[in-house]
Amino acid sequence: MIQLEPISGFFHRERALQAIYPMRMLIVCHGKGFLCMNSGDYPLLNGRIFFIPEEGLVRLDGEMSSGYWLSFSSLLYAEFLLQHLDPQAKNLFLNLSFRDLDPQKSSKTYNLLDQLKREIDHKKDMSYIAQYLSLFLGFTAGLDGYLAALTLDDLQQVLRFRAILEQFYKQERSIQFYAEGMGMSPGRLNKFLDRVLGKSLTVLIKDRIMREAEVLLLHSDYTIDEIAEILGFEQTTSFNTSFKRHKGMSVFQFSRLSIS
């Protein structure tokens with residue numbers, strides 16, 4: 001579902017880069033020459049990140065002193081889209097685009113990629129990889145502006161929290177549980193979440209549950225009672241009340257709209 005390889009050496013446009021999965025990125029640490037696509041040739045510059053559409057072969061013509069070649073499945077990309085509903089996210093891989101990072105952001109990017117490579121090599125759970133990839137895409141594409149101001153340690157802590165939340169949000173609600181998982185006191189965790197994400201743990205859990213509720217209502221054959229139970233609600237009425245507060249309509253109204 002994901003392929004990440006360091007890339008370096010001399011390249012000629014006669015030979016295409018191989019990608020296992022359809023979503024592709026070229027991250028240039030140090031390089032010169034061109035990325036060659038059907039749409040044209042694009043300069044390889046230090047700190048440049050390319051978001052490459054599925055169509056067309058990817059060829060390099062020049063020297064890559066150091067960089068990364070990343071490809072991943074549409075399933076992993078779907079998690080990113082669930083967290084980023086704006087059109088910029090949906091259009092990220094429709095056409096070839098690139099973003100140039102300053103030295104500080106470039107350094108964070110390379111550190112994140114090194115860590116991601118270690119997680120992939122250690123065969124980390126795919127739900128964790130999906131969270132890591134979503135954070136990485138949001139950071140490199142500039143869609144999560146708050147991430148740019150965070151230190152590398154803060155970014156790693158955000159990732160750790162997201163991974164814990166993704167695994168336990170359906171059954172765990174207590175601040176104590178998540179604080180222990182983060183190696184923090186409850187008070188410190190709440191301050192951290194407020195500082196870096198601008199939301200409390202309660203709101204973050206509720207947002208994640210409601211996002212999953214929408215997915216299950218739209219893309220599963222579960223009944224509303226079954227969805228309420230899956231998401232940890234003791235009664236369907238409680239699920240409906242929470243959903244209505246979050247979405248502005250009842251579960252039944254949302255279900256009818258999704259069918260029409």
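Visitor: What is the volume of the largest pocket?
Guide: In this predicted model, the largest pocket has a volume of about 780 Å³.

Visitor: What makes a residue part of its lining?
Guide: A lining residue has an atom within 4 Å of a point of the pocket. For the largest pocket, 24 residues meet that description, and Leu-82, Gln-83, Lys-199, Asp-207 and Arg-211 lie nearest its centre. Helices H1 (74-83), H6 (152-168), H9 (201-219) and H11 (236-247) each give two or more residues to this lining. H9 supplies the largest share, eight residues.

Visitor: What is known of the second largest pocket?
Guide: Its volume is about 240 Å³, and 13 residues line it, among them Leu-75, Glu-79 and Ser-127. H1, H4 (126-140) and H9 each give two or more residues to that lining. The largest share, five residues, comes from H1.

Visitor: Why is Cys-29 called buried?
Guide: Buried means under 20% relative accessible area. Cys-29 has 8%, and therefore counts as buried.

Visitor: What makes Cys-36 count as buried?
Guide: The cut-off is again under 20%. Cys-36 has 6% relative accessibility, so the word buried applies to Cys-36.

Technical notes:
Residues are numbered from 1 along each chain as its sequence is written. This is a predicted model: local features need pLDDT of at least 70, side-chain atom pairs count only at pLDDT 80 or more; totals for chains, interfaces and linings use all residues. Side-chain values use heavy atoms; hydrogens and water are left out. Buried means under 20% relative accessible area, exposed over 50%, partly exposed in between (1.4 Å probe, protein chains only). On a 1 Å grid over the protein atoms alone, a cavity is a set of points where a 1.4 Å probe fits but cannot get out, and a pocket is an open set with protein on both sides within 12 Å along at least five of seven lines; lining residues have an atom within 4 Å of a point. Grid points are joined across faces, edges and corners, and a volume is the space filled by probe spheres set on the points. Helices (H or I, at least four residues) and strands (E, at least two) are DSSP runs, numbered from the N terminus.
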